[in-house]
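Thanks for making time this morning.

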Amino acid sequence: PDMSTFAEFAEAIHGYRARTESLVRGALVRVGERQPIGASSDLADVSRELESTFRTLDRAAEEIRVQNEALFAARTELEGSSALFHHLFELAPTAYLVTTDDTRIIYANQAACGLLEVSKNSLVGKPLACFVALEDRSAFRAGVIRAGEGNAVATWPTSLVPRSSGTWVDCR
């Protein structure tokens with residue numbers, strides 16, 4: 001979420017509260033001047049209730065401001081952590097591919113791109129099965145189905161074939 005939107009909302013509440021207080025206080029003074037007899041008790045009650053409402057609005061605006069600051073700090077920390085883990089993923093010496101359940105590649109690190117001899121743009125969105133030898137694809141798909149049925153981590157041996165070299169790479 002856009003953190004400035006929350007800050008603007010808190011400021012809008014504070015501005016609304018200030019404008020409303022000014023209008024209401026002026027109206028109460030005018031009513032008191034027109035009907036001084038009997039109205040003072042009612043006006044005092046209304047004034048107290050409005051003052052309570054204004055304090056509640058002030059607390060709500062301050063709470064929104066505090067929450068906005070906390071959200072901004074959390075977002076900054078999360079973005080920093082995300083950048084760190086992205087950096088570690090990219091520079092890992094082991095080839096890593098992140099796929100969907102149906103093996104479409106979502107993310108690939110530099111080692112995976114080097115291993116498969118394909119640019120990152122060419123990998124993203126492709127099914128991993130494209131890099132499995134034709135004769136091994138049915139076993140590969142069966143392994144993917146088995147992995148999707150259980151809750152545990154599943155491993156099975158397979159061979160990937162990089163695009164240009166044709167040399168098989170054994171992996172799990």
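Thr103 lies in the loop between strand 1 and strand 2, where helices (H or I, at least four residues) and strands (E, at least two) are DSSP runs numbered from the N terminus. Its phi is near 70 degrees, a positive value in a residue other than glycine. Most residues other than glycine have a negative phi. Thr103 counts as buried because its relative accessible area is 9%, with buried meaning under 20%, exposed over 50% and partly exposed in between, for a 1.4 Å probe and protein chains only.

Before going further, please keep in mind that this is a predicted model, in which local features need pLDDT of at least 70 and side-chain atom pairs count only at pLDDT 80 or more, while totals for chains, interfaces and linings use all residues. Residues are numbered from 1 along each chain as its sequence is written, and side-chain values use heavy atoms, with hydrogens and water left out.

Glu117 is found in the loop between helix 3 and helix 4, the latter spanning 120-123, and with 36% relative accessibility it is partly exposed.

Let me return to Thr103 by way of one of its neighbours. Which residues does Phe140 touch, leaving aside those up to four places away in sequence? They are Thr103, Leu128, Ala129, Val132, Trp156 and Thr158, where contact means heavy atoms within 4.5 Å.

Phe140 is also, together with Leu123 and Phe131, among the residues with the most contacts inside the largest nonpolar core, which has 15 residues; such a core is a set of buried Ala, Val, Leu, Ile, Met, Phe, Trp, Tyr and Cys residues joined through side-chain atoms within 4.5 Å. Strand 2 (105-108), helix 3 and helix 5 each supply at least two residues of this core, and the largest share, three residues, comes from helix 3.

The structure holds two aromatic pairs, meaning rings of Phe, Tyr and Trp (its six-membered ring) whose centres lie within 6.5 Å, with planes under 30 degrees apart counted as stacked, over 60 as edge-to-face and the rest as tilted. The rings of Phe89 and Tyr96 have centres 6.3 Å apart and planes at 35 degrees, so this pair is tilted. Phe140 and Trp156 are tilted as well, because their planes stand at 55 degrees, with ring centres 6.1 Å apart. That pair links distant parts of the chain, 16 residues apart, with Phe140 in helix 5 and Trp156 in the loop between helix 5 and strand 3. Both Phe140 and Trp156 are buried, whereas Tyr96 is partly exposed at 41%.

Trp156 is in turn touched by Arg172, which also touches Thr155, again not counting residues up to four places away in sequence. Is Arg172 buried or exposed? Arg172 is exposed, with a relative accessible area of 77%, and it is found in the segment after strand 4 (169-171). Arg172 and Thr158 are 14 residues apart in sequence, yet 6.0 Å apart in space, C-alpha to C-alpha.
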